[in-house]
Amino acid sequence: MRLTWLGHACFLLAGSKTILIDPFIPEGSLPVEPDIVAVTHAHADHLGMTVRLKKKTVAINEVAKYLAAKGIPAEPMNIGGSITVDGVRFRMTPALHSSWIEDEGMGFYGGVAAGFVIEMDGTSIYHAGDTALFSDMQLIRDLYRPDVALLPIGGCFTMGPDEAMIAARYIGAPLVIPMHYGTFPAIRQDVEDFKRAVERTTSIRVAILSPGESIEVGA
């Protein structure tokens with residue numbers, strides 16, 4: 001599987017299907033049209049261009065209903081659930097965060113925030129979404145054994161580097177890719193320091209990607 005970071009929390013997974021996660025792209029452009037979009041929660045920096053793409057979209061029930069009302073072919077699910085869409089397995093995991101659909105004036109409730117474990121072509125990717133550290137991340141390790149963990153490190157709106165180091169240990173994926181940092185001043189972090197700290201104290205490898213950069217993951 002080819003994994004591309006498009007910036008912020010947006011990733012493109014390219015294998016038998018092309019999956020776009022949290023399609024807010026602060027710099028650069030979308031290199032290919034996705035087959036499926038997955039949205040972790042309703043904040044504008046994650047929902048992004050979902051409506052404009054008009055692709056089949058996996059999201060929590062409240063966001064899926066909002067998207068369906070916009071004419072998007074939405075696939076609703078909820079925390080703890082599992083669905084298969086076009087041969088790709090989506091498992092929805094908890095995330096400790098808020099969610100608000102920033103539309104229709106002041107906006108409205110967007111259900112709870114979530115993460116995903118996405119299984120495609122024998123490779124399992126955990127996208128944590130926006131989240132604080134929580135100890136049940138160890139259950140994600142025990143249940144799903146992800147090959148790659150995509151973890152926010154920005155602080156302020158999510159966990160920061162110190163908490164993400166513990167999250168990486170809890171999850172146990174052999175490869176961690178940091179996200180949701182550096183997009184704007186409130187979430188600036190020293191990502192190289194995070195990489196050094198994780199690799200000095202664990203056997204986990206940290207891959208730092210630039211927006212638009214890709215890496216091959218899985219078997």
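Predicted model: local features only at pLDDT ≥ 70, side-chain atom pairs only at ≥ 80, totals over all residues.
Biologist: How many salt bridges does the structure hold?

Modeller: The structure holds seven. To call one, look for a side-chain nitrogen of Lys or Arg within 4 Å of a carboxyl oxygen of Asp or Glu. One of them joins the side chains of R2 and E216, with N to O at 2.7 Å.

Biologist: Is R2 buried, exposed or partly exposed?

Modeller: Read the relative accessible area: under 20% is buried, over 50% is exposed, and partly exposed is in between. R2 has 39%, so R2 is partly exposed.

Biologist: What is the spacing between E199 and K195 in helix α6?

Modeller: E199 and K195 are four residues apart, so they too are separated by about one helical turn. Their closest N and O atoms are 3.0 Å apart, and the two residues form a salt bridge. E199 counts as partly exposed at 31% relative accessibility, and K195 counts as partly exposed at 22%.

Biologist: Now the strands. Which residues lie on each side of strand β3?

Modeller: To read a strand, sort its residues by the side they are on. In β3 (residues 18-21), T18 and L20 are on one side, with I19 and I21 on the other. All four are buried, and both faces of the strand are covered.

Biologist: In which sense do β2 and β3 run, parallel or antiparallel?

Modeller: Strand β2 (residues 10-14) and β3 run antiparallel and are joined by four bridges. Within that pairing, L12 stands opposite L20 of β3. The two strands form a hairpin, with three residues between them.

Biologist: In which sense do β3 and β4 pair, parallel or antiparallel?

Modeller: β3 pairs with strand β4 (residues 36-38) in the parallel sense, over three bridges. Here I19 has I36 of β4 as its bridge partner. To sum up β3, its pairing is antiparallel with β2 and parallel with β4.

Key:
Residues numbered from 1 in each chain as written. Heavy atoms only, no water. Buried < 20%, exposed > 50% of the residue type's maximum accessible area, 1.4 Å probe, protein only. Pairing = 2+ DSSP bridges.
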